[in-house]
Amino acid sequence: MCGIFGVYNYYGDVGEFRQRALDLSKKLRHRGPDWSGCIVADNNIVCHERLAIVGVDTGAQPLTNADESIVLTVNGEIYNHKKLEAELKQPSSFKTHSDCEVILHMYSEIGTDVCAKLDGMFSWALLDRRSAKSRLVAARDPIGITTLYIGRVSAHPETVFIASELKSLNEECDKIDEFPPGHYFDSEDGQFHRYFKPDWWAPERIATASVNYRQLRESLTAAVRKRLMAEVPYGVLLSGGLDSSLISSIAVREAARISASAQSDTEDIDTRGARYFPRMHSFSIGLPGAPDLIAARKVAKFLRTAHHELTYTVQEGLDAVADVIYHLETYDVTTIRASTPMYLMSRKIKSTGVKMVLSGEGADEVFGGYLYFHYAPNADDFHKETVNRVHNLHTSDCLRANKSTMAWGLEARVPFLDKEFLQVAMNVRAEDKQCSKDLMEKAIIRRAFDVEFADAGFTPEELAKGPYLPHDVLWRQKEQFSDGVGYSWIDSLKEWAERRVSDEAMAAVDQRFPYDTPSTKEAYLYRELFEQHFPQKACLKSVVRWVPRTDWGCSADPSGRAQKIHDKAY
């Protein structure tokens, strides 16, 4: 992934604004430290900050077609680029080995229909200069794994700003919106258009399909396999919980399978990563003695990964919070609690030379894995909540996974949010996903990979490879990342906020923050730090707070330990 910045139909002297555009793009250089590019065309500017993962030798951006009438800047990965290249009707001369260049050539043939054909995570802006009036088309991936914002200046509504992060827009624009996932923007009508239209998207449409464990397993395996596309060292984030452990196990198996097989030109996915770097590296972080460190150590030994166990102190975490808020561009309590250790871990991972990692985000939303799902009143409400949580991933876990890692130029890929896997998993009826006091959350995906479960549909060849994970890890209770790194982490954040925010300040909180008023001292402190970096009112609109369903009788505290079902509830 990378950082993108662009200005369409600039209202002033574009030549004079070029240096300012470079300065605004530079605010994203943490996302793309490997190279920078800028193209000025007519009264438009397109910039790019590159993190080289695929097409390392030739993939500098912005990308252009042969006569430079189309200019493209992309943040993301296109996993089906080989397949799309084969579908092109007109022979195209590719200038690079980048997986993203195919977007440009597909757009040239089929226009905005290219968006629905892309399998990957992406945010991109394309300038089409083939007509008298230039056209801007910008798009974001279906779930919002990558981040993207659109900004405007009220006095000049004809001008459109696009950027990967808020910090490149807040000094120039008085109106900033998060770019909606699954949409493209077209300057021809100035509107967003939804291109991602799966049958499961509407919460009111209740899923009715019975679970097919083998199909579930095979679709997740395919999602992991396609994400091994890389030309640089890569690894897996391993907390020792179900989601990251399962992704790690599949990645180890698929990497070994790919590296042991002969390379084929007919395979429609890019398998270079597993061939170049067959040994899997795994990374975990926590306070000394944290539950996640202990569990991750056990999984890494089982999978025989090259394991890196990273620790941090409470003080190191507290010292990083202000930087985390700057990079995450949020004041949401849940996101900041979990992002801080992820941010620290990403810095240490980058120092090892690894530039891409697989991560387990998305499973809790898809399968109802958060502990508050135990309190769902009925199956229909359970299903609707999973759909709504997937809808809002771009405001929470996707935002965290993207910005915590990209703060250090590290790319995170999330197989659980593969659109083909989602098509399978989101169509499974809630009755097969629900948890209870007698059935652990996410039992459906645990069973799909449990060789001892009779209905999992394993072939003899699969069974011969042995279990995916130790049984106690496969059936480990949900531990939210901010808890698993050490139970004292959240307690320390609360104590820190208690010292920093006075009772008098809290009593007047509705006067200090009349919009989206904080309800705790911890939330007050994060909001205060956020506004130090982003004082403009336009910046508040993109922040969404993550809270459990209190109308289900759950605690409003987002910590998993706040739910009574937790083994170590407080």
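Contact is defined here as heavy atoms within 4.5 Å, and helices (H or I, at least four residues) and strands (E, at least two) are DSSP runs numbered from the N terminus. The structure is a predicted model, in which local features need pLDDT of at least 70, side-chain atom pairs count only at pLDDT 80 or more, and totals for chains, interfaces and linings use all residues. Residues are numbered from 1 along each chain as its sequence is written, and side-chain values use heavy atoms, with hydrogens and water left out.

An open sheet is formed by 5 strands in the order β15-β14-β13-β16-β17, with parallel pairing; two strands pair if DSSP finds at least two bridges between them. The edge strands, β15 (306-311) and β17 (411-413), each pair on one side only. Strands β13 (residues 234-237) and β14 (residues 281-286) are joined in the parallel sense over 3 bridges, and V236 has S282 in β14 as its bridge partner.

Helix α10 lies across β13, β14, β15 and β16 (356-358) and runs at about 140 degrees to β14. Such angles run from 0 to 180 degrees between N-to-C directions, the axes being lines fitted to C-alpha atoms, for helices over the stretch in contact. Of the 19 residues of α10, 15 are buried, so the helix is largely enclosed by the rest of the structure; buried means under 20% relative accessible area (1.4 Å probe, protein chains only). A kink of about 35 degrees lies at S339 in α10, shortly before the proline P341, the bend being the angle between axes fitted to the seven residues ending at a residue and the seven starting there. Just after α10, G353 adopts a positive phi of about 100 degrees.

Terms used
Buried means under 20% relative accessible area, exposed over 50%, partly exposed in between (1.4 Å probe, protein chains only).
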